[in-house]
Amino acid sequence: MEKVNNVTEFVFWGLSQNPEVEEICFVVFSFFYMVILLGNLLIMLTVHMGNLFKSPMYFFLNYLSFVDICYSSVTAPKMIVDLLAKSKTISYEGCMLQLFGVHFFGCTEIFILTIMAYDRYVAICKPLHYMTIMDREKCNKMLLGTWVGGFLHSSIQVALVIQLPFCGPNEIDHYFCDVHPVLKLACSDTYFVGVVVTANSGTIALGSFVILLISYAVILVSLRKRSTEGRLKALSTCSSHIAVVIIFFGPCTFMYMRPDTTFSEDKMVAVFYTIITPMLNPLIYTMRNAEVKNAMKKLWRRKVF
């Protein structure tokens with residue numbers, strides 16, 4: 001049966017239909033987005049200019065900041081503009097591109113966070129072999145793996161959606177194109193697609209979350225053998241990573257580890273992993289990390305800014 005697609009554009013409902021609330025949200029999220037850009041750019045600049053790039057942890061932190069900028073930029077600018085727009089529309093092609101971008105950068109971030117947990121595990125539990133295990137060649141291969149994994153995941157998601165027919169209605173109760181809200185608009189049975197989407201996204205989100213929890217549990221147990229000073233230093237680093245993991249994976253697991261259903265709360269939950277987490281990452285990593293703060297102080301003294 002030939003695919004029938006009468007829909008050329010989709011209409012977002014956005015975060016709110018109240019003009020006064022939308023104006024407040026415009027100011028708030030514009031500020032949040034500026035913090036995301038400036039904070040993550042500052043971390044990238046600090047890593048490059050402060051000679052931290054040779055450390056595997058900061059090597060991955062640099063790319064985490066880059067992914068955070070890209071991830072939030074897929075949804076935030078469009079959402080901010082739409083808050084003051086009378087018509088919140090996006091073309092069919094634009095919707096598919098946004099869907100690809102959200103899952104590509106989101107999945108890549110998940111894999112980078114997982115590698116950063118592994119990096120901390122090796123650094124704390126196997127310190128004598130750290131530089132051998134986490135040499136630059138292996139770091140580059142692991143980084144490449146995160147990009148390839150993100151591409152494969154997002155390609156599967158888009159391939160599943162793009163073959164569905166859309167013949168109306170075309171209104172999405174969300175502020176960006178995500179799989180579950182878009183599947184609701186398809187004029188065909190989406191049960192099988194929904195199962196595959198949930199299996200794909202859910203396995204990555206929950207699987208990575210479990211691996212991260214196990215990694216940090218092993219790290220915390222191993223710290224009992226350390227001196228008080230070494231324990232505090234390791235805890236300071238790991239606590240920032242754990243905070244990011246909980247803030248990011250909690251909402252992701254809620255959104256994707258469930259059948260093909262949507263809730264009214266989904267939009268606010270999505271704000272956490274598309275905007276709040278990319279905004280908090282620079283704050284968490286700098287406030288809890290003395291090495292990054294010292295590098296920033298040196299940059300300030302050199303009058304880089």
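Two strands pair if DSSP finds at least two bridges between them. Helices (H or I, at least four residues) and strands (E, at least two) are DSSP runs, numbered from the N terminus. The exercises concern a predicted model, in which local features need pLDDT of at least 70 and side-chain atom pairs count only at pLDDT 80 or more, while totals for chains, interfaces and linings use all residues. Residues are numbered from 1 along each chain as its sequence is written, and side-chain values use heavy atoms, with hydrogens and water left out.

**Exercise 1. The sheet**

Task: Determine the strand order of the open sheet and its kind of pairing.

Solution. 
- Step 1. Strand 1 (residues 9-12) pairs with strand 2 (residues 89-91) in the antiparallel sense, over 3 bridges. In this pairing I90 of strand 2 is the bridge partner of F10, and S91 of strand 2 stands opposite E9.
- Step 2. Strand 1 pairs with strand 3 (residues 171-172) in the parallel sense, over 2 bridges. Here I172 of strand 3 stands opposite F12.
- Step 3. The 3 strands therefore form an open sheet in the order 2-1-3, with mixed pairing. Strand 2 and strand 3 stand at the edges with a single partner strand each, so one side of each has no neighbour in the sheet.
- Step 4. The two faces of strand 1 are assigned next: F10 and F12 make up the covered face, E9 and V11 the uncovered one.

**Exercise 2. Salt bridges**

Solution. 
- Step 1. The criterion is a side-chain nitrogen of Lys or Arg within 4 Å of a carboxyl oxygen of Asp or Glu. A search of the whole structure with this criterion finds 5 salt bridges.
- Step 2. Accessibility is classed as buried (under 20% relative accessible area), exposed (over 50%) or partly exposed (in between), with a 1.4 Å probe and protein chains only. D82 is buried at 5% relative accessibility, whereas K78 is partly exposed at 24%.
- Step 3. K267 is buried at 10% relative accessible area, and D173 is partly exposed at 37%.

**Exercise 3. Aromatic rings**

Task: Classify the aromatic pair of F31 and F32, and list the members of the aromatic cluster that includes W147.

Solution. 
- Step 1. Rings of Phe, Tyr and Trp (its six-membered ring) pair if their centres lie within 6.5 Å; planes under 30 degrees apart count as stacked, over 60 as edge-to-face and the rest as tilted.
- Step 2. By this rule there are 21 aromatic pairs. F31 and F32 have 6.3 Å centre to centre and 50° between the planes, and are a tilted pair. F31 is exposed at 53% relative accessibility.
- Step 3. The cluster consists of F66, F100, F104, F105, W147 and F151.

**Exercise 4. A nonpolar patch**

Task: Name the residues of the nonpolar surface patch, and locate M257 in the chain.

Solution. 
- Step 1. Patches are made of residues with over 30% relative accessible area and no salt bridge; like charges are joined within 9 Å, and nonpolar side chains (Val, Leu, Ile, Met, Phe, Trp, Tyr) within 5 Å. Accessible areas come from the Shrake-Rupley method with a 1.4 Å probe, and for residues only the protein chains shown count as cover.
- Step 2. L206, V210, I214, V218 and M257 make a patch of about 380 Å².
- Step 3. M257 is in the loop between helix 8 (228-256) and helix 9 (266-287), and is partly exposed at 37% relative accessible area.

**Exercise 5. Annotated spans**

Task: For residues 59-80 and 142-166, state the helix content and the distance between the end C-alpha atoms.

Solution. 
- Step 1. The unreviewed UniProt entry gives the feature "transmembrane region" at several spans, including 59-80 and 142-166. UniProt positions are given in the numbering used here, feature names are shortened, and annotations may be inferred rather than shown by experiment.
- Step 2. Residues 59-80 are 100% helix and 0% strand, with end C-alpha atoms 31 Å apart.
- Step 3. Residues 142-166 are 84% helix and 0% strand, with end C-alpha atoms 39 Å apart.
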